Amino acid sequence: KFDFPEHNAQFNIAAFYQKFKDLQVSSLINTQTLTFAVDNAASARSYGVEADARWRPIPELTLSAAGAYLNAEYNDFPTAQCYDGQTIAEGCVGGVQDLSGKFLQFAPKWTFTGNIDYVAELGNGYSLTPGITISYLGKQYLSLDNSPDLIQSSYAKIDAQISLYSESGDWSLSLIGRNLTDKITSPFANKSTAVGGVGTFFRFTDPPRQIMLRARKNF
């Protein structure tokens with residue numbers, strides 16, 4: 001942890017290493033009813049670096065950022081389910097595949113968030129606070145079988161907000177934008193034979209572009 005002499009900047013960095021024994025994972029055992037059961041992935045390990053920084057070049061402006069590098073792999077997972085269409089040449093033998101040494105589900109290598117926040121005093125007890133957030137998430141597998149059809153590619157999203165509020169804290173009015181570039185992304189996906197038969201997949205989707213007006217009043 002670093003705190004600079006002028007007290008207008010901070011920088012923190014941390015490294016980590018973790019080992020998991022008898023790691024429990026959620027396996028899809030019925031693609032018709034979408035029934036999941038707890039399975040044992042034997043062992044896994046993850047290591048990486050996390051860092052964050054904050055800088056106030058002037059009292060009204062704050063710049064901040066946080067990022068992480070993650071390497072998360074199975075040490076031993078010889079009985080993972082095969083993905084639909086996986087051949088012997090691609091590693092599916094007897095209905096199972098060996099994911100030892102492969103990436104964990106929901107484990108992107110790179111993540112990043114950056115923020116710009118400004119406070120403008122308007123006088124008469126009012127302030128205007130515009131801000132913008134940029135977030136980045138690296139490529140990740142969305143299903144336990146590491147299906148190449150169920151990968152969320154890397155993406156960046158932009159959120160923004162501008163708020164008018166009384167400095168006494170009695171009320172505020174905010175115009176908020178989420179996912180302004182309208183990126184279509186998925187937090188989870190898997191195979192399903194409920195509709196379309198073998199080889200059919202489904203994906204959940206994150207919210208699309210949202211524009212909101214929020215008013216608050218404290219009594």
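**Salt bridges, a disulfide and a patch**

Let's start with Arg-45. Arg-45 is buried, at a relative accessible area of 14%. Buried means under 20% relative accessible area, exposed means over 50%, and partly exposed lies in between, with a 1.4 Å probe and protein chains only.

Some ground rules. This is a predicted model, where local features need pLDDT of at least 70, side-chain atom pairs count only at pLDDT 80 or more, and totals for chains, interfaces and linings use all residues. Residues are numbered from 1 along each chain as its sequence is written, and side-chain values use heavy atoms, with hydrogens and water left out.

Back to Arg-45. What does its side chain meet in a salt bridge? The partner is Glu-73, at 3.0 Å, N to O. A salt bridge here is a side-chain nitrogen of Lys or Arg within 4 Å of a carboxyl oxygen of Asp or Glu. Glu-73 sits in strand β6, residues 61–76, and Arg-45 in strand β5, residues 43–58, so the pair ties together parts that are 28 residues apart in sequence. Strands are DSSP runs of E, at least two residues, and helices are runs of H or I, at least four, numbered from the N terminus. Glu-73 is buried too, with a relative accessible area of 18%.

How many salt bridges does a search of the whole structure find? Four. Next on my tour is Asp-84 with Lys-191, whose closest N and O atoms are 3.8 Å apart. Asp-84 is in the loop between β7 and β8, and Lys-191 is in strand β16, residues 189–191, so this pair ties together parts 107 residues apart in sequence. Asp-84 is partly exposed, at 23% relative accessibility. Lys-191 is buried, at 9%.

Lys-191 also meets Asp-145 in a salt bridge, at 3.9 Å, N to O. Asp-145 lies in the loop between β12 and β13, so that link ties together parts 46 residues apart in sequence. Through shared partners, Asp-84, Asp-145 and Lys-191 join into one network.

Stay on Asp-145. Buried or exposed? Buried, with a relative accessible area of 5%. Its side chain makes a polar contact with the side chain of Ser-143, at 2.6 Å. A polar contact is a pair of N or O atoms within 3.5 Å; within protein, one must be able to donate a hydrogen and the other to accept it, and residues adjacent in sequence count only if both atoms are side-chain atoms. Leaving out residues up to four places away in sequence, Asp-145 touches Gln-81, Cys-82, Tyr-83, Gln-97 and Lys-191. Contact means heavy atoms within 4.5 Å.

Cys-82 brings us to the disulfide. The definition is a pair of cysteine sulfur atoms within 2.5 Å, and the count comes to one. Cys-82 pairs with Cys-92, sulfurs 2.1 Å apart. Both cysteines lie in the loop between β7 (80–81) and β8 (96–97), so the pair ties together parts ten residues apart in sequence. The link is right-handed, with 100° about the S-S bond. Both Cys-82 and Cys-92 are buried.

Last, the surface. Ile-162, Leu-173, Leu-175, Leu-180, Ile-211 and Leu-213 form a nonpolar patch, with about 540 Å² of accessible area together. Strands β15 (171–178) and β18 (210–217) each give two or more residues to the patch. Patch residues have over 30% relative accessible area and no salt bridge; like charges are joined within 9 Å, nonpolar side chains (Val, Leu, Ile, Met, Phe, Trp, Tyr) within 5 Å. Areas come from the Shrake-Rupley method with a 1.4 Å probe, and for residues only the protein chains shown count as cover. Leu-213, in strand β18, is exposed at 64%.
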